[in-house]
Amino acid sequence: MLLEGRTALVFGAGGYLGKHIAERFELEGATVFRSSTSAKPDQPTLTVVDATDEDAVDAYIDGVSGDAGSIDIVVNMSGVEPGRYKHGKPASEVSLEQFMMPLTVDTAAQFITAKSAFRHMSKQGSGVIIVNTSTLAKVGSPWSPALTASHAATEGLMRSLSHEYGPAGVRVLGVRSEAMPDSPTIEYTFSTMGANMGLSFGEMKDFIEKNKTALKKLPEAKDTAAVFAFAASDMAQFMAGTMLNNSAGHIVD
């Protein structure tokens, strides 16, 4: 029970990985508050919170703190659907508006929820804020200009906040994952990117596993969720300003 007695907020818990993270946190003993930018009929426990609305986020976090007594862990998995910004398509087909979408939603939401949570964490002298990126932040993959820029920016934000928030006892770090082929996002991504190379989803998955990863296999969402739980726990109490590299060796640090 790595997170027993902790209060965790998972923004974007209506998404595939967000749902797995929330479930793993609960398995490890945390009390989890789930939110999403829109209602999910099959997930009635979700609270609707626009993670890009500063006032809404402040009100939500203040409410959770009042009910639970503390804010110990914050994870934000909010993001734009990849098809909206033509993820997997050549950069020449991506408009400036589409390019900016992950930056003005995904990265911006990380900033908003982090600084809102810090108001409470700094007063209690403890807390963990975990961001999420992918190998795109490092490898310079083609056909992914918008998300590559957003993930690189998120990692830069994480490093900045880690030094600003660390003296108050708040750890800021992140998890950088390889593609998880069981997720709807990667099903879309591999199918779209694969089309540029004349490959099906399955062929693209095999190509990435065999040619890009040291372990010759890709993680599933449950594997990535386990890393989030470790990052949030006291086992990682001296980890700050770093990305936990869960890329199956695609990124070699």
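This is a guided tour of a predicted model, selection by selection.

Residues are numbered from 1 along each chain as its sequence is written, and side-chain values use heavy atoms, with hydrogens and water left out. Because the model is predicted, local features need pLDDT of at least 70 and side-chain atom pairs count only at pLDDT 80 or more, while totals for chains, interfaces and linings use all residues.

**Stop 1: helices α1 and α8**

Select residues 16-27, helix α1, and residues 221-232, helix α8. Helices here are DSSP runs of H or I with at least four residues, strands are runs of E with at least two, and both are numbered from the N terminus. The two helices pack at an angle of about 50°, and their axes are 8 Å apart. An axis is a line fitted to C-alpha atoms, for helices over the stretch in contact, and angles run from 0 to 180 degrees between N-to-C directions. The angle makes α1 oblique to α8; under 35 degrees counts as roughly parallel, over 145 as roughly antiparallel, 65 to 115 as roughly perpendicular, and the rest as oblique.

Now show the side chains. On α1 the contact is made by Tyr 16, Leu 17, His 20, Ile 21, Arg 24 and Phe 25. On α8 the residues include Ala 225, Phe 228 and Ala 232. Contact means heavy atoms within 4.5 Å. The residues of this contact divide into 10 nonpolar, two polar and two charged. Ala, Val, Leu, Ile, Met, Phe, Trp, Tyr, Cys and Pro count as nonpolar, Asp, Glu, Lys and Arg as charged, and the others, Gly among them, as polar.

**Stop 2: the largest nonpolar core**

Select Ile 21, Phe 25, Val 75, Ile 130 and Phe 228, the residues with the most contacts inside the largest nonpolar core, which has 27 residues. Such a core is a set of buried Ala, Val, Leu, Ile, Met, Phe, Trp, Tyr and Cys residues joined through side-chain atoms within 4.5 Å. Buried means under 20% relative accessible area, exposed over 50%, and partly exposed in between (1.4 Å probe, protein chains only). Elements that give two or more residues to the core include β1 (7-11), β4 (73-76) and β5 (127-134). Its largest share, seven residues, comes from α8.

What does Ile 21 touch, leaving aside its neighbours within four places in sequence? Ile 21 is in contact with Val 10, Val 75, Met 77, Ala 225 and Phe 228.

**Stop 3: Ala 231**

Stay on helix α8 and pick Ala 231. Ala 231 is buried, with a relative accessible area of 0%. Beyond its neighbours within four places in sequence, Ala 231 is in contact with Val 128, Ile 130, Arg 171, Leu 173, Ala 236 and Leu 244. Arg 171 is 60 residues away along the chain, yet the two C-alpha atoms are separated by 9.6 Å.

**Stop 4: two loop residues**

Most residues other than glycine have a negative phi. Select Lys 86, in the loop between β4 and α3 (96-124); its phi is positive, about 55°. Lys 86 is partly exposed at 31% relative accessibility. Then select Trp 143, in the loop between α4 (136-139) and α5 (145-165). Trp 143 has a positive phi of about 65° and is partly exposed, with a relative accessible area of 25%.

**Stop 5: helices α6 and α7**

Finish with α6 (residues 184-197) and α7 (residues 201-212), which pack at about 90° with their axes 8 Å apart. That makes α6 roughly perpendicular to α7.
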